[in-house]
Amino acid sequence: MMTTDRFLVIIREDLELDPNEFIHIDTEFASLSVYDSMSKLFLITLADEHFDVTLEASQIDTLTTIRSFMELIGVEKFELETVAK
Amino acid sequence: MYSKIATTAYYLPTTTLTNQDLQAEIPALDIEKTESKLGIKQRHISAVDETALDLAVKAAEKVFTNFDRKEIDFVILCTQSPDYFLPTTACILQDRLQLCKDIGALDYNLGCSGFVYGLAMAKGLIHTQIATNVLLVTAETYSKHLHPMDRSNRSIFGDGATATVITASERNQIFEFVLGTDGSGKDKLIVPNGGMRHAKIAMPETTVDATGNVTTANHLKMIGPDVFNFTIKHIPKAVQQCLEKNNTTLEALDFIIFHQANKYMLEYLRKKIKAPETKFYIHLEDTGNTVSSTIPIALQDCLVNNRIKKGDKVLLVGFGVGLSWAATMVEI
């Protein structure tokens, strides 16, 4: 299981966000300073590398918030109390 | 009868399209990311009146500086940019190159897995003594399939052609193959219109994706993330199968050449198969992804730069449109 904090660190690193950019699990991907077609590839890689989960491009297109990404990966892979709505 | 790669050469069109050139046409192009993530600084683009066949002729003429064309007894041409629906481009190539007439010639339609498939066919032709010296040509002009405002694909693909002579050998230097196909992924990389299923239309509807890439059904469409998924699902497995089939290990190999799709994908695949950086080739900054030509271009560059030498065992892995994949091991 991965903590939310660790997940946010990985997202920040993998999407190459500005170190000063504040993100939390309800941050919208569309609001990030960098979110383009390459970012979608980074999210697919992240899901495969850290969770062994394969996500289709069409699934990535439906993402809204970081929370929605965690739900797509599977809430059971995270500390539930921090992911549950 | 065994077989080996005797000699190889490649030709790239003279016109280059740098990232700066492309950004001048499509301002949204991120030059920094194109270089750092895709690993591409420029690609070569065929002229309007220059076809894959023209590139093939030039690549073959280069290879014939090292091999007598009169000895060629079979031509195999891999392209998805033929001059005509019919006749077969390889037949025209036979004439353009003034090869003997008592030889076989055929085209086959594959993309990024094409070179390894061509090696498999050449090996089969030689082992069954149907041929002795096979000219395997890969030639592609994907630039002609792309919409002018398709930023993603125009930044990835470049044109080019290669010519490789595979000859009979006293010892086995082209080893066992692993081949794979999954046609359910046909829509992941496709030019929808222009064949018999859907004719090319005069005023196709333009579609713009969420990141601003423009295409029509007359042009190439690639769902990059899904092609990426296909590779990470199938290629590490194919590598493992190929190593087992050839009774070898990654450690025992001298070098590894994958289809040069893009740097990001290659780096992730390298990590997944746990190959050391020192023996895993990644270089497409001057050519972009030249489809079926990336592996023979890499082979030739590695020979010239002494990254591989005579006697080396090299793993070759191609994957892409189809979806299709192929892996083998060769001794240089």
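This is a predicted model: local features need pLDDT of at least 70, side-chain atom pairs count only at pLDDT 80 or more; totals for chains, interfaces and linings use all residues.
## A walk through chains A and B

Across all chains, the structure holds 17 salt bridges.

**Stop one: a pair within chain A.** Select A:Asp61 and A:Lys40. They form a salt bridge whose closest N and O atoms are 3.1 Å apart. The pair links distant parts of the chain, with A:Asp61 in helix H3 (residues 57-61) and A:Lys40 in helix H2 (residues 37-51), 21 residues apart.

**Stop two: across the chains.** Are its two ends buried or exposed? A:Asp48 is buried at 8% relative accessible area, while B:Lys272 is partly exposed at 29%.

Now show B:Lys58 with B:Glu50, whose side chains meet in a salt bridge of 3.5 Å from N to O. B:Lys58 counts as partly exposed, at 35% relative accessibility, and B:Glu50 is buried, at 11%. Next, select A:Glu56, B:Lys188 and B:Asp226 together: salt bridges that share partners join these residues into one network.

**Stop four: a sheet in chain B.** Switch to cartoon view and look for an open sheet of 4 strands, in the order S8-S15-S14-S13, with mixed pairing. Strand S8 (174-181) and strand S13 (255-258) stand at the edges with a single partner strand each, so one side of each is left without a neighbour in the sheet. From one strand to the next, the twist averages 10 degrees. S13(B) and S14(B) pair in the parallel sense over 4 bridges. To find your place in this pairing, select B:Phe255, which stands opposite B:Val314 in S14(B). Then bring in helix H7 (residues 224-245) of chain B, which packs on the sheet and touches S8, S13, S14 and S15. The direction of helix H7 makes about 35 degrees with that of S15(B).

**Stop five: two cis peptide bonds.** Most peptide bonds are trans, and most residues other than glycine have a negative phi. With that in mind, zoom in on B:Gly322 and B:Leu323, where the peptide bond is cis and omega is near 0 degrees. B:Leu323 sits in the loop between strand S14 (313-320) and strand S15 (324-331). Another cis bond joins B:Leu86 and B:Pro87, with omega about 10 degrees. B:Pro87 is found in the loop between strand S4 (74-78) and helix H4 (89-96) of chain B.

Keep B:Leu86 selected, as this residue is exposed at 71% relative accessibility.

**Last stop: positive phi.** Select B:Val291, in the loop between helix H8 (263-273) and helix H9 (294-304). Its phi is near 65 degrees, a positive value in a residue other than glycine, and B:Val291 is buried at 0% relative accessibility. Finish at B:Asn306, in the loop between H9 and S14 of chain B. Phi of B:Asn306 is near 60 degrees, also positive, and B:Asn306 is exposed, with a relative accessible area of 65%.

Methods: Residues are numbered from 1 along each chain as its sequence is written. Chains are lettered from A and ligands numbered from 1 in the order in which they are written. Side-chain values use heavy atoms; hydrogens and water are left out. Buried means under 20% relative accessible area, exposed over 50%, partly exposed in between (1.4 Å probe, protein chains only). Two strands pair if DSSP finds at least two bridges between them. Axes are lines fitted to C-alpha atoms, for helices over the stretch in contact, and angles run from 0 to 180 degrees between N-to-C directions. Contact means heavy atoms within 4.5 Å. A salt bridge is a side-chain nitrogen of Lys or Arg within 4 Å of a carboxyl oxygen of Asp or Glu.
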